[in-house]
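Some words used for protein structures rest on a cut-off.

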Amino acid sequence: MSIVTVILSRAFKAFVTLLAIAVLNFCLLHAAPGDPAVVLAGEAGAADEQMIEQLRERFGLDQPFHVQLGKYVGSVLTLDLGYSFRQGAPVAQLIAERLPATLLLTLTAFVISLVLGIAFGVAASARVGKASDSLLTTLALLFYATPLYWAALMAVLIFSVWLGWLPGFGYETVGAGYTGLARAFDIAKHLVLPALTLGLFFMAVYMRMTRASMLEVSQLDFVKTAKAKGLSGPAIRRRHILRNAILPVVTLAGLQAGQLVGGAVLTETVFAWPGIGRLMFESLAARDYNTILGVFLVSAAMVILFNIVTDIVYRLVDPRIGAKA
Amino acid sequence: MSTLSIEHLSIGLPQGADRAFAVEDVSFAIEKGEILCVVGESGSGKSMTANALMGLLPPGVTVKSGRALFESRDILRLPEAEKQALRGARIAMIFQEPMTALNPLMRIGEQIAEVFAAHDRFSQQERRDKALNLVREVGLPDPEKIIRAYPFQLSGGQRQRAMIAMALALEPKLLIADEPTTALDVTTQAQILKLILDLRDRRGMAVMFITHDFGVVAEIADQVIVMREGRVVERGIAAKVLTDPQHDYTRRLLDAIPTGKLPPARAPREVPALEIKGLRKVYRTGGGFFRPVREVRAVDDVSLTVGRGEVLGLVGESGSGKSTLGRTAVRLVTPDGGQVLVGGSDLAALSEEELRKQRHKVQMVFQDPYASLNPRQRIMGALTDGPITKGVPKAQAQARAKELLEIVGLGADAASRFPHEFSGGQRQRIGIARALAMDPELIIADEAVSALDVSIQAQVLDLLRDLRERFELSILFITHDLRVAAQLCDRIAVMKKGKLVEIGTVHDIFLNPQQEYTRQLLAAVPGAGWAKAGAA
Amino acid sequence: MWKRFSSNIGAMLGVVLLLAVIAVAIFAPIIFSHTPWQMVQRPFLTPFTMDGLPLGTDTLGRDVASQLAYGARVSLLVGLVSTLVALLIGVPLGALAGFYGNWVDEGAMRFTEFFQTIPNFALAIVLVAIFEPTLASITIAIAIVSWPPVARLVRAEVMSVRKREFVDAARLAGLSRPRILLTQVLPNTVSPIIVMASLMVATAILLESSLSFLGLGDPNAMSWGYMIGAARTVIRSAWWLSFFPGIAIVLTVLALNLIGEGLNDALNPHLSRKGKA
Amino acid sequence: QQSGGRLDIVVQPEPPGLMMGLVQNGPTQLVAGDIYESLLRYNSDLEPQPSLAESWEISDDGLTYTFHLHDGVKWHDGEPFTADDVVFSADVFLRETHARLRASLAYVESITAPDDTTVVFQLKEPFGPFINAFETGTMPIVPKHIYEGTDYATNEMNATPIGTGPFKFDEWVKGSYIHLVKNEDYYLDGKPYLDEVYYRVIPDAAARAVAFETGEVDVLPGGSVENWDVPRLTEMEGVCSTGAGWEFFAPLSWMWMNNREGPTSDVRFRQAVMYAMDRDFVKDVVWNGFGKVATGPVASSTNYYSDAVTQYDHNPDKAKELLAEMGYGGEAVRILPLPYGETWQRWAEAVRQNLSEVGINAEIDSTDVAGWNEKTSQWDYDLAFTYLYQYGDPALGVSRNYVASQISKGSPWNNVEGYENPELDAKWTAAAGMVSAEDRAAAYAEIQKEIVDDVPVAWLQELEFPTIYRCNVKDLVTTAIGINDGPRDAWVEE
Ligand SMILES: Nc1ncnc2c1ncn2[C@@H]1O[C@H](COP(=O)(O)OP(=O)(O)OP(=O)(O)O)[C@@H](O)[C@H]1O
Ligand SMILES: Nc1ncnc2c1ncn2[C@@H]1O[C@H](COP(=O)(O)OP(=O)(O)OP(=O)(O)O)[C@@H](O)[C@H]1O
Ligand SMILES: [Mg+2]
Ligand SMILES: [Mg+2]
């Protein structure tokens, strides 16, 4: 089975899943108490029945539930995410404005956590039983047990308030007029704390997994074969153990990379990062259905996308898959 | 001077191991061009000796005393870097399990060439060419393709050849082979043994060959040492040890081997206990939205009968469909076509519910004594679940269970224990007791003794023979070991690729095989010549 | 098994820690004469400055130590109950999928995949927001987002156990399929489930605290996340208000993880085999 | 005064839109108040000041309001601003979109533009507070040439608002900031002084405090950091704060008590709640001493306030007595806090604790903004926190919460508690129609005295939201709505 057919079949399934998610979320949100028209009216500082009726009509809320659902599914089918009445803009546009920030944050956190996690995991497994191994595993356990938002608060406190080394929030220096490299550097500076705190937990996960996987693989017969060939320890670890040990880590990482997009709400809140997690959270309070649904769909699509990417990576790394069938 | 001489080697085990020393005061020597076989039961320290020579002892296991002289250096005491330089270049090793001994993610060619890289020999291109030559030398087909293949694309025998190619890459003086053929079926085993003999002759290496199979010893050994619980109990020229063992333990080992000696033929049975007619089973794997379906005809139009009180042996190489046939007979597998008649009623046609009521008529003794008992259930439960479901009152079922445990030689108190508290042979007997508890008309024994050590194997075979006499049991005895089949069976059926190729009495099959395939099977049994000689 | 577990220093440390937390949770009303909501002293009292109020007071002058103790109740309760609910959903689903295979499996796994595709923290937020933050809705939301891995694990385990020969033996003994699943297969999947459950409790505690931090906690139940969420605005002037509950979470989650790892080592036959290799 | 410079102001939460004719909530007004203008502004004594209108007259019968507009005013897109724009805004656009103004416009007979710079509002009957209806948030003037004949809500220009104000819209990076630049063509010479204004979106209160500390932002409008941070921030060097700029809104907080059903329908229970609460504690601890304990429905900073009413002090015993007298049997009472952050949450907790101390079985109902709106406007609560702006006059911002005609499901801004008192209703109406200030003062004093004894709602506190800013920012707060009027006069001292 070629990679193309894999992608095609996955894309088809993904589409079905996404539709189902759209329907489920639509039902869920509409079960929620709170009426977007009332919220919007309430926010205006005054409201009367006439205004609320107007709003309801504009949102299409005056129609029966199944009609609303049908309309929504219909528009999703044509890749139209609808219109946010609260923000007065198409949902697709709102998300497109926010998505780059989220992707930047999560991908950076992802890469950091994966690279560091694997590096530390390999290091720990190479020193298994020694003090440095214990130190690394204990640290990983600690990161693992620390609530993300708490770590974030503490990081801001230490690194931006007390030490003043790094900006504590935001995406870039507003109105500084940086362009090109200077801007990239500025964004990078803003990225450090959120990406690190978000990455810390996952780093711990990958590290523990890499270590365990390395240890497990190093028990396998082919490692003994490699030793019998006269290869040196580091060469064995690099060429034989790591390559095999990394497969389960890749799988897990693929699963989590997608989840990171939706899971960045906390980090985005603490660091005022203008991403879609926050967009969702804020839209939720306003019952801005279309926007929440849009964010959900997009992040679910991310999950699926990452899963497909993982699959492909897996296929590239492991010759056994794909050839089996 | 000997290629390798080991003097007073002792290897200590970590605390909490079953004994203090894995190997104690072992001395032996191997000459150039000589094959030394190290035999002994599981756990006797064979592998530890080999590992010590390679400097690959597991953590916690250390060389306590003694030396091993190789090229006039004590290789046990060399610094790690020098050991590393020696490994693969001067001393090479191949392992038992060809399926897992190769890195699954690396191409065969790369893995062979890596030996050169590890020792910094040759250029990239030369390494490749040499790898290709080696692949050719060990007789792998289509070498160009093989070096680009991944291990999973090779069969077990082919992988073992690739391993050997790796071991030979730098023309070592000493080759250590730790049970290199145990995991292979007989025909492949024969090919590998021949390859090793060939290479020894061509290159003049010394070979230390570890095995627990005296058939293999008879086939290739020049010298033999016999180990037991870490000590050498007997040594000598192969032919001499095999024919005239001095040590009691060696003798016991040799006695336990099923010989080619055929038991007296018994009268054929008339009343059928099991009739199989035109049975077919096709496995379809894969399949899905875009995937093609792959079909394996595991059982292809097989018909045979097992008479009441008869033992029918079912032999054939691995994958020939023996297990599938057996499992279809008890309807653990639903056949695609054909009939399975037990006492006249067709099991294959029953519904799930009706079938449950008929289950007790045919029982099975499973191949793997570890896997076939629920680790979380006491033996009593395992033995009484079935009868109670069948309707036997609980007390009666329990009494019967105890009785059966006595019969299989375990004692009634075994009932209250858990499976992990028994040895492999004991568990196999529990499996037999469980089958008997259902008062079956027929027992299917699928490789029921294959996983056992020779001595325990002999005990179980005795038990089966005894039961057949006592209960008029019919047995379908599935095995890949022709010698075992010869011991127990009245008739033997031979399968190949899902088809029944030959069926006949033991005497017919062994002494006068009709099919070429059967002849090949017989010839491939290691030490066949020696066993026959022994029987004569 | 207990022997192997008890020889693991980390695991024992985890047990001791967890027992301590449980004890504090159980005896909170005995240890403290006032509820965590009672305003007992002036606000922003620094820790270790006044007898009887070892951890100081919060923004309203309430006893932080008492809040911590009552918070342990909520955190543990939510952790345990949500894990239980997740198991109640995941185990049967995974077991049926793994045991019956075919379309049951296909259906169950599509369903599971579906839930795994929805970003789970976001889903939890939406669920809690929609059903309004009460202990029950929080617990259920956490359970709903955490059962899919259970289902997958149980399915995989059941599938591997199902292939073991003792299951065939049970079929030959004439046992019915549901009975085989219940008495033969499931008991053999218990160990990994226990290990996973212990880790899930830890994750659930973290999730609850994250929700509380976002303002989605039950305002009538004092929990650690609630404390941190409430204290984050004063983190500069009253570090102890977020520090102590933070430490409490870290320690509890750590303890559960240590126990989980210890159980894994003790129950996983894989590792014991390793020792011999 | 110095020209140039930039101001970074926190806006919280992020406004849903900037078209003030459509959205008038706090954040929108904070930002869009720089872009849009109305006819008048009000100083801290709530006296009208010129804005788009240079001068104005009110006829003696209180029925005709004539405004003379500034000459040469231009919209940000260069089109000239004329009296037609005012007529279109007030008579057409806002009538359709602005519920609060609609209530005042009900008194208006006609709006006409005799010439390009004159607008005349003709009233049907006298309406005392009408002069207070010309604040930006109440009557933002929108460009006729852009909106006439279009669907207002979906007009594409809503994304790039065009006003007459001192600052022009430049860019809005959602979730991050809104950038406004100086309107070079502004009709007041030399103004504005600032080159640009950034409104910064920082969703977390603690982060906002940090942003101010680290110098990222210069101004924290009232309510943008939690109260506990206020003393710490104001004690910093070079930091000033002011409580001014809220006179017009005069936010007053209270708890609606459901007058329809449950224990709260009993006046004794409501009085007991008043006595049970330690409102001074809340003012001192939760609000850090800012604000004042409320005595009744009218805020002390607005016109016609009277303190000659029954005082409810913290008196648990009295509360218990009242409860015993009514025979309160421990029915559960749900408190709905305002979902506006930690301060309000703590406040609800303190109230719950106070109530439980006198034996009231109270628990907090937690919900988010949408849920709060839904529950209050559907009357699904027992006690519900809220605060409302008073818009400078009891007739605009107070009476709507107590008269029976304002009982209507679906809005959280009317008589949500369901209080019905026909006698008082008549007095409210009469007071609104009086022309002379003394008459009105007397009438309102009477109303206040009576209503306080009835306790339709539990008045809590007059809120004060200090604006915190760097001292080198001058003239930041110059009107009764503070920085909501836009930093037209502000300048930065180098
Ligand atoms: N890593 C280890 N730690 C402790 N004891 C070990 C270890 N590996 C092997 N042993 C013990 O050392 C002894 C010798 O083992 P060895 O592997 O040499 O046996 P063997 O003769 O090769 O058996 P087999 O035929 O089963 O391979 C056994 O008692 C075994 O239990
Ligand atoms: N469940 C299954 N699904 C797909 N193919 C199967 C299955 N079981 C067996 N096969 C295939 O059917 C063929 C016959 O298998 P079977 O197990 O009956 O062989 P066997 O003779 O018992 O071999 P062995 O001696 O190795 O046990 C093989 O090619 C095997 O790969
Ligand atoms: Mg061995
Ligand atoms: Mg088989």
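The questions and answers that follow concern a predicted model.

Q: How do you know that chain C is in contact with chain A?
A: Contact requires heavy atoms within 4.5 Å. By that rule, 41 residues of chain C are in contact with 43 residues of chain A. Of the 5 pairs of chains in contact, chains A and C share the most contacts.

Q: What is the area buried between chain C and chain A, and which atoms give 77% of it?
A: The area is about 3700 Å², and carbon and sulfur atoms give 77% of it. Such a figure is used because the size of an interface is often given as the accessible area lost when the parts come together.

Q: Why is the pair Glu261(C) and Arg208(A) called a salt bridge?
A: The rule asks for a side-chain nitrogen of Lys or Arg within 4 Å of a carboxyl oxygen of Asp or Glu. In the pair Glu261(C) and Arg208(A), the closest N and O atoms are 2.3 Å apart. The pair therefore meets the cut-off of 4 Å. Between chain C and chain A the count is 1 salt bridge. The count of residue pairs in polar contact between these chains, both residues at pLDDT 80 or more, is 3.

Q: Which helices of chain C each supply at least two residues of the side that touches chain A?
A: They are helix H4 (102-117), helix H5 (120-131), helix H9 (190-213), helix H10 (224-231), helix H11 (239-267) and helix H12 (269-276) of chain C. The largest share, 11 residues, comes from H11(C). By class, this side of chain C has 25 nonpolar, 10 polar and 6 charged residues.

Q: What makes the pair Asp368(D) and Arg287(A) a salt bridge?
A: The closest N and O atoms of Asp368(D) and Arg287(A) are 2.8 Å apart. The cut-off is 4 Å, so the pair counts. Across the interface of chain A and chain D the rule finds 2 salt bridges. For polar contact, the rule finds 3 residue pairs across this interface, both residues at pLDDT 80 or more.

Q: Which helix of chain A gives the largest share of the side that touches chain D?
A: H3(A) does, with 6 residues. The residues of this side of chain A divide into 20 nonpolar, 9 polar and 12 charged. The contact takes 41 residues from chain A and 40 residues from chain D. Chain A and chain D bury about 3600 Å² between them, 55% of it on carbon and sulfur atoms.

Q: How do you know that chain B and chain D do not touch?
A: Their nearest C-alpha atoms are 43 Å apart. Contact would need heavy atoms within 4.5 Å.

Q: Why is Thr189(C) called buried?
A: Buried means under 20% relative accessible area. Thr189(C) has 0% relative accessibility, so Thr189(C) counts as buried. Thr189(C) is found in the loop between helix H8 (177-185) and H9 of chain C. Not counting residues up to four places away in sequence, Thr189(C) touches Glu157(C), Val158(C) and Val161(C).

Q: Why does Ser104(D) count as buried?
A: The relative accessibility of Ser104(D) is 4%, which is under 20%, so Ser104(D) counts as buried. Ser104(D) lies in helix H3 (residues 99-105) of chain D. Leaving aside neighbours within four places in sequence, Ser104(D) is in contact with Phe127(D), Phe130(D) and Leu396(D).

Q: What makes helix H8 (residues 279-286) of chain D mostly covered?
A: In H8(D), 6 of its 8 residues are buried. The buried residues are Arg279(D), Phe281(D), Val282(D), Lys283(D), Val285(D) and Val286(D). What covers them includes helix H7 (267-276), strand S14 (292-293), helix H10 (342-357) and strand S18 (457-462) of chain D. H8(D) is followed by Asn288(D), whose phi is positive, near 55°.

Q: Where does the name "transmembrane region" for residues 193-217 of chain C come from?
A: The name comes from the UniProt annotation (unreviewed entry), which covers residues 193-217 and 238-259 of chain C among others. In the model, residues 193-217 of chain C are 84% helix and 0% strand. Residues 238-259 of chain C are 95% helix and 0% strand, with the end C-alpha atoms 33 Å apart.

Q: What does UniProt list as "transmembrane region" in chain A?
A: The unreviewed entry lists residues 103-123, 135-167, 187-206, 245-272 and 292-314 of chain A. Residues 103-123 of chain A are 100% helix, and the end C-alpha atoms are 29 Å apart. Residues 245-272 of chain A are 89% helix, and the end C-alpha atoms are 37 Å apart.

Terms used
Residues numbered from 1 in each chain as written. Chains lettered and ligands numbered in written order. Predicted model: local features only at pLDDT ≥ 70, side-chain atom pairs only at ≥ 80, totals over all residues. Heavy atoms only, no water. Buried area = accessible area lost by both parts, 1.4 Å probe. Polar contact = N/O pair within 3.5 Å; in protein donor to acceptor, adjacent residues only side chain to side chain. Helix = DSSP H or I, 4+ residues; strand = E, 2+ residues; numbered from the N terminus. Nonpolar A, V, L, I, M, F, W, Y, C, P; charged D, E, K, R; others polar. UniProt positions renumbered as here; feature names shortened; annotations may be inferred. Buried < 20%, exposed > 50% of the residue type's maximum accessible area, 1.4 Å probe, protein only.
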